[in-house]
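Visitor: I would like to learn how to read helices and their packing. Could you take me through a case?

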Amino acid sequence: MTIFLSGASTQAQAPQTPETDPFQAASAKLKDQSPGTRRQGVSELGRLRRAEAAPALVGILKDQDASVRSAAARALGSLGDPACVPALRETLQDTDLGARMSAVQTLAKFGDVSGLPAAYAALESNDTNARGLAAEAVGMVADALTGLPALDKAFTLETDPNTKKIIDFARGQLRARLGLKAAPAPAPAAQAASPAPAPAAAGKSGKVTRKQRAGAKKKPAAAPRAAAQPAQPK
């Protein structure tokens, strides 16, 4: 005899696992042996922008991998907590240029100018990315006395097209922030023009005669030579 079952499905349902908290998952990655995984966890904490991540990210500023330290400095800027400024200032002494520039830019976001000396030095470095980050920081917090000359010099010397655009944008940002007018465009070189001939003097009737016009076209006669002086008797 065949028995037909109806109603609930006879298939066994797999037990549902509770959803993992993204914050806890990202924090757990900070303890991983792989620098790439730690860097991923740092970036995730920065995107979550939860204030309780600040202590962990400050601790990662001492990570043995430079790319992880650099990512932590950027992530702290996303949190917007000024309490991390002292730790970022310490990162200005980091041995890695990328980590220093990440700290410089994050400090600039907080309106802190302590990273400007490192930014000015990086504008003359051989690292294209560092020059761009440095220019952005200068545009955010520098003054006109030192910031504009440094950016003008960097713009003149820059050979990378994209970095040159970043530097030019930073110049405009600095001027706009300080209420300064844009630098005038250089005037085109003036071409030397030959002087126009002076018009001939009009006659009594107010009209220039044919004789006067012909005389105006003639070249002026050479000045007469001085007469030779007679020799004095000895």
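**Reading the helices**

Guide: Start with length. Helix H8 covers residues 128-141, and at 1.5 Å a residue its 14 residues should span 20 Å; the end C-alpha atoms are 21 Å apart, which agrees. The expected span is 1.5 Å times one less than the number of residues. Helices are DSSP runs (H or I, at least four residues), numbered from the N terminus. This is a predicted model: local features need pLDDT of at least 70, side-chain atom pairs count only at pLDDT 80 or more, and totals for chains, interfaces and linings use all residues. Residues are numbered from 1 along each chain as its sequence is written, and side-chain values use heavy atoms, without hydrogens and water.

Visitor: How many residues of H8 are buried?

Guide: Buried means under 20% relative accessible area (1.4 Å probe, protein chains only). Ten of the 14 residues in H8 qualify, so the helix is mostly covered. Among them are Arg131, Leu133 and Val138.

Visitor: What do the buried residues of H8 pack against?

Guide: Contact means heavy atoms within 4.5 Å. The partners are helix H6 (97-109), helix H7 (116-122), H9 and H10.

Visitor: At what angle do H9 and H10 pack?

Guide: Angles run from 0 to 180 degrees between N-to-C directions, with axes fitted to C-alpha atoms over the stretch in contact. H9 (residues 144-157) and H10 (residues 161-178) pack at about 160 degrees, axes 9 Å apart. That makes H9 roughly antiparallel (over 145 degrees) to H10.

Visitor: How are H2 and H4 placed?

Guide: H2 (residues 35-48) and H4 (residues 66-79) pack at about 5 degrees, with axes 8 Å apart. They are therefore roughly parallel (under 35 degrees).

Methods. Helices (H or I, at least four residues) and strands (E, at least two) are DSSP runs, numbered from the N terminus. Angles under 35 degrees count as roughly parallel, over 145 as roughly antiparallel, 65 to 115 as roughly perpendicular and the rest as oblique. Buried means under 20% relative accessible area, exposed over 50%, partly exposed in between (1.4 Å probe, protein chains only).
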